[in-house]
Amino acid sequence: MSASSKASATSTTTPAATPAPPSRLLRSRASRWIATILIVAVLLIFFSVGNDDWFTIVNYTLIAAIAALALNVLSGYTGQISLGIAFFMAIGAYTAAFFGGAMPSSPLDPLGLALPFIIWLPAAGIVAALAGALIGPSALRLKGFYLGIVSLSLIFIGQYLFLNVRGITGGPQGRTFPVPALGGATFDQQNSYFGLALTSGQQYFLLNVIVLALAAFFVYNVMRSRAGRAFQAVRDNETGAKIMGVNLFEAKMGAFILSSFLAGIAGALYASYSRYVAPDYWDLTLSIQFVAAIIIGGVASVWGSILGAAFVFGLPLVIDHFNWLPVASGAGGISSADLNAILYGLLIVVFLLFEPGGVIGLVRRSQALTRRFSARKDEGGESAEITDLPADQA
Amino acid sequence: MSESNVSNGVNRPEPTRAPLLSVADVSVRFEGVKALSDVSFQVQPGELFAVIGPNGAGKTSLFNVISRVYQPVAGSVTYDGRDLLRLKTYQVARNGIARTFQSLGQFPTMTVMDYLLLGRHTRMRSGIIRGGLYFFQTRAEEKRNRAYCLHLLELIGLQHVSNYPLGSLPYGLQKRADIARALALEPKLLLLDEPVAGMGLEETEDIAAVILDIKEQLGVTQILVEHDMALVMGIADRVLVLDFGRVIAQGTPAEVQANPDVIKAYLGEEFGGAATAMSAPTEEHRS
Amino acid sequence: MAYFIQIAFAGIALGCIYALIGMGFSIIYKASEVINFAQGEILLVGAYIVSSLVFDWHLNFILAVALGVVVTVLIGLLFERLVLRRMIGRPVFSILMITIGLDTILRTAVIVKAGSNPLSPPSPYTITDGFNIAGVHFGANDILTILVTVVLCALLYYFFQYTRNGLAMRATALDQEAALAVGINIRTVYALAWGIAAAVATIGGVFLAMGTFSIGITLGSAALLAFPAIILGGVDSIAGAVVGGIIIGLVQDLTAGYESHVANVLGAGIHQITPYLVMILVLLIRPYGLFGTRKVERI
């Protein structure tokens with residue numbers, strides 16, 4: 001094609017041949033392998049030497065990371081404003097309770113089918129996904145803030161339902177939730193596997209790490225393939241996406257279903273780990289905390305979801321652990337939950353003002369800066385710059 | 001000279017093949033404004049067809065009808081022998097109609113390669129499940145299509161920015177990436193919406209060469225909306241002139257340039273009387 | 001029947017409070033396309049300030065309200081100046097989230113300061129004050145709320161129709177670039193928008209506090225119901241905010257008043273979700289609310 005020779009000859013419009021900045025966090029295969037090995041090593045070390053309290057903190061953080069990932073799929077990658085993630089988590093939790101909870105021994109007990117773990121956990125995801133499929137079509141008609149408030153209404157409608165459908169939720173007093181079990185070994189006590197004795201915390205830890213890893217890997221793959229690009233196109237410009245052939249209905253429904261599935265799993269894991277949850281736990285504050293998590297960690301980023309969850313959910317637990325602040329609210333002083341709320345409120349504002357890509361955005365920006373410093377001075381072109389809501393992969 | 005004025009579809013030039021696109025008496029109206037009134041024309045396969053007119057003449061509205069973003073209140077559009085108006089917006093791409101965007105910056109954080117792959121959306125098959133599992137079919141699909149897009153980028157001279165986000169590129173390169181993205185669809189019909197807007201002479205020549213290559217080497221039918229008269233008159237096979245949503249002239253560049261109604265529309269009444277010919281197109285852009 | 005009128009009257013009064021919050025919200029949105037999620041929280045802050053001025057500083061009620069308004073207006077202006085100014089042109093999601101951030105900060109600040117024990121509201125009258133006509137009790141707070149709302153609506157109407165600044169704001173709402181071109185100072189417009197919104201929200205907040213007899217987290221949740229009102233009316237319509245507010249207020253109080261009759265079937269607390277259900281119903285038919293306008297995406 002004659003265009004190519006003409007194009008590369010015009011130096012005013014074409015940057016010189018620089019190695020293109022890759023869109024992945026870690027450039028070379030080597031650095032990626034090193035990072036993976038490091039992470040596995042850290043996990044292994046923690047697994048061996050962590051004490052019960054720290055397992056609690058880490059387990060809750062891992063579960064929160066799954067839900068943050070779910071929210072990122074819907075809002076970060078696909079741009080659908082949603083304040084309703086707590087609702088889908090609740091659906092997952094109560095589905096798990098229904099399928100896996102103990103059979104009622106009296107008419108006052110909540111319902112349960114006592115089915116095994118291998119059934120109730122996926123069921124939680126599936127039922128939540130079905131709920132997402134029901135809500136999904138509303139995203140086709142409603143845009144922006146309208147969608148946001150409808151998703152907010154899910155929280156309140158959910159609260160009403162959970163308070164009144166006592167058979168499943170236990171009403172205002174709440175209920176207990178089933179414990180994961182392999183064969184006869186239930187995770188709430190110490191068990192031996194292949195001669196290795198594992199504490200309850202360790203068992204939950206393995207479960208959560210595996211689920212999170214699977215979920216993260218799945219989402220990461222989706223986002224670097226055709227469906228993920230369609231999601232991001234929907235986020236950036238719906239009409240343009242349509243012109244390029246993206247079926248908006250399929251894309252939005254897909255995003256809702258995937259997101260709700262993961263949220264349901266996270267909800268079931270949380271409820272099961274906490275053993276007891278009252279319906280007022282699944283409130284607007286919880287949803288907002290997850291939104292804060294993805295903004296702080298990094299919108300449209302798998303690692304961002306994990307980092308954000310660690311900050312918004314893990315940090316207060318750490319503060320509580322060290323008793324740096326009183327736990328309860330409103331004793332005239334400031335509690336850890338209050339400080340955390342003010343902190344993530346502030347960070348939302350600060351990040352959105354200056355680094356909408358969250359912490360991951362900061363990391364990429366500093367990578368671009370160091371690349372700029374090491375590049376030769378007469379190279380043209382600009383380094384990769386993140387503007388709003390980056391579309392890059394993890 | 002077959003026709004130099006408004007064609008209402010009755011007096012047609014004798015075509016050698018059936019037209020790829022046939023627009024008949026299309027009218028578009030919104031909020032009381034008639035954006036297009038009784039517009040009719042045909043585009044032959046492989047043709048480079050240009051649509052010109054003063055600002056607000058309805059050129060983008062025309063594209064929006066063909067891309068099925070607008071629904072006309074009257075008229076019909078036939079594409080490849082089928083009724084185009086029965087299609088929904090997202091089905092247009094699947095039928096081989098690609099379009100570039102007039103305003104850029106719609107997808108600032110997408111890399112050039114991802115953008116082209118997005119252009120291949122209808123040529124790929126992986127859904128969420130296959131994508132999530134990745135290693136079973138999607139990986140091969142991604143590799144194949146990435147290679148194709150890289151090839152396209154090389155043709156158009158953008159291969160060394162393939163991993164740059166669109167928003168970080170200079171304006172001219174973004175426009176070029178947009179054309180590449182439209183080509184990635186492997187279209188039968190390519191709608192180019194002001195591809196050289198805001199470009200200097202050198203860049204315009206580059207794009208003109210690209211457009212001609214698309215015509216001659218790929219055989220893709222193109223409809224070009226542009227303001228740059230030298231470009232249009234230099235490379236188009238036939239030209240349609242719109243003014244206030246109406247067709248005021250249709251024909252070869254030479255015919256259109258001599259048309260007094262066209263001159264009146266652009267330069268005003270006083271020049272309309274004399275059939276002043278505009279400067280003849282330079283020959284170097286002709287193959 | 002008397003019961004119905006009584007409840008309906010209270011509902012209209014509640015609706016007026018939502019209308020006030022909603023009007024403020026719409027004014028900000030029309031002027032600057034900002035979704036102010038914190039609108040309800042400003043109400044909470046305002047009510048709290050008025051209350052502490054009355055109880056801790058022993059100020060006269062009217063004076064306290066005036067001062068409270070001043071403080072919240074300042075908060076609004078500061079936020080607009082320091083934060084929102086830099087967010088111009090950013091996506092809706094980002095702006096919405098940044099106001100959620102503000103909302104979180106404000107709410108937590110009030111909780112920390114006030115403790116989660118609700119404060120008593122600073123009403124100059126008691127719960128039984130009011131008029132009785134034909135067996136129907138018209139509460140003093142409700143009457144005052146409606147009166148003040150009507151007065152404020154009239155004032156705002158006058159402001160927008162007949163004053164220079166009001167006209168400038170309307171022009172900006174229609175077309176910002178054109179407004180800039182004719183020399184309108186957009187900064188002033190934004191500042192005015194936030195100022196008015198904060199002022200009416202505070203006044204609404206004071207009435208809401210006196211109506212619900214507490215200032216605490218629950219007040220913030222009560223204010224949250226202003227959002228279905230805003231959505232129902234259409235986010236960019238001030239008239240819509242008023243209409244939406246009244247509808248939601250009526251729906252809420254009417255369902256609350258009669259829900260004991262259907263408690264067997266529908267359980268407890270249905271009045272907390274009927275506003276949302278009504279909103280969803282309206283959105284099914286009109287996805288931009290009753291009076292809202294469609295946003296066009298450019299390609």
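The largest nonpolar core holds 302 residues, and Ile66(A) and Ala93(A) have the most contacts inside it. Such a core is a set of buried Ala, Val, Leu, Ile, Met, Phe, Trp, Tyr and Cys residues joined through C-beta atoms within 7 Å, where buried stands for 20 or more other C-beta atoms within 10 Å of a residue's own, with C-beta atoms placed from the backbone. The model is predicted: local features need pLDDT of at least 70, side-chain atom pairs count only at pLDDT 80 or more, and totals for chains, interfaces and linings use all residues. Residues are numbered from 1 along each chain as its sequence is written, and chains are lettered from A in the order in which they are written.

Apart from neighbours within four places in sequence, Ile66(A) is in contact with Val211(A), Leu212(A), Ala215(A), Leu262(A), Ile265(A) and Ala266(A); contact requires C-beta atoms, placed from the backbone, within 7 Å.

In chain A, the axes of helix 3 (residues 52–77) and helix 13 (residues 284–297) come within 9 Å and cross at roughly 80°. Helix 3 of chain A is therefore roughly perpendicular to helix 13 of chain A (65 to 115 degrees). The contact residues divide into 7 nonpolar, 4 polar and no charged. On the helix 3 side they include Leu71(A) and Asn72(A), and on the helix 13 side Phe290(A) and Ile294(A). Helices (H or I, at least four residues) and strands (E, at least two) are DSSP runs numbered from the N terminus.

Chain B has an open sheet of 4 strands in the order 2-1-4-5, with antiparallel pairing. Pairing requires at least two DSSP bridges between two strands.

An open sheet of 6 strands in chain B has the order 6-7-8-3-9-10 and mixed pairing. Strand 6 (97–99) and strand 10 (246–251) of chain B are its edge strands. The twist averages 15° from one strand to the next.

| Strand pair (chain B) | Bridges | Residues standing opposite |
|---|---|---|
| Strand 4 (residues 74–79) and strand 5 | 2 bridges | Thr78(B) and Asp83(B) |
| Strand 9 (residues 238–243) and strand 10 | 5 bridges | Leu242(B) and Val247(B) |

Terms used: Axes fitted to C-alpha atoms, helices over the stretch in contact; angles between N-to-C directions. Parallel < 35°, antiparallel > 145°, perpendicular 65-115°, else oblique. Contact = placed C-beta atoms within 7 Å. Nonpolar A, V, L, I, M, F, W, Y, C, P; charged D, E, K, R; others polar. Buried ≥ 20, exposed ≤ 12 C-beta atoms within 10 Å, placed from the backbone.
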